[in-house]
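Q: I have a new structure open and would like to learn how to read it. Could you take me through it step by step?

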Amino acid sequence: MQTAPNFNKIKDSISNGLEIISNKSENFIEISKLKYKLHFEENSMEDLYRDIGKELYTIFKANNQVENSLLDYCNALSKIEKRIKGLEKELDKIR
């Protein structure tokens, strides 16, 4: 004799499945946001590298000292590097 399906078990199973899907979706969204921020920071860094090169060449042509004029670029790059490391750590935690 067949027994009637246990609807509570089915309901619980569906609920658990939906919860897992929801958690994975949230993780995927969070990872996507962090990857976007990471990409943005890396692009900012590349822009500053290019600007450093332009500034260095201008100074080279004028035969002036380089250290003081490039300090702001170096400080900005250092801040971006720290943000990139922080974003990479956040990604590692989520993964």
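A: Gladly! The protein has two helices and zero strands; helices (H or I, at least four residues) and strands (E, at least two) are DSSP runs, numbered from the N terminus. This is a predicted model, where local features need pLDDT of at least 70 and side-chain atom pairs count only at pLDDT 80 or more, while totals for chains, interfaces and linings use all residues. Residues are numbered from 1 along each chain as its sequence is written, and side-chain values use heavy atoms, with hydrogens and water left out.

Q: Is Glu41 buried or exposed?

A: Buried means under 20% relative accessible area, exposed over 50%, and partly exposed in between (1.4 Å probe, protein chains only). Glu41 has a relative accessible area of 10%, so Glu41 is buried. Glu41 sits in helix 1 (residues 7-62). Across the protein, buried residues make up 17% of the 95 residues.

Q: Which residues is Glu41 in contact with, leaving aside its neighbours within four places in sequence?

A: Contact means heavy atoms within 4.5 Å. With those neighbours left aside, Glu41 touches Ile80, Arg83, Ile84 and Leu87. Among contacts in the protein between residues at least 6 apart in sequence, 75% join residues at least 24 apart.

Q: Why does Lys93 count as exposed?

A: Lys93 counts as exposed because its relative accessibility is 74%. Lys93 belongs to helix 2 (residues 67-94).

Q: What about Leu18, buried or exposed?

A: Leu18, found in helix 1, is exposed, because its relative accessible area is 53%.
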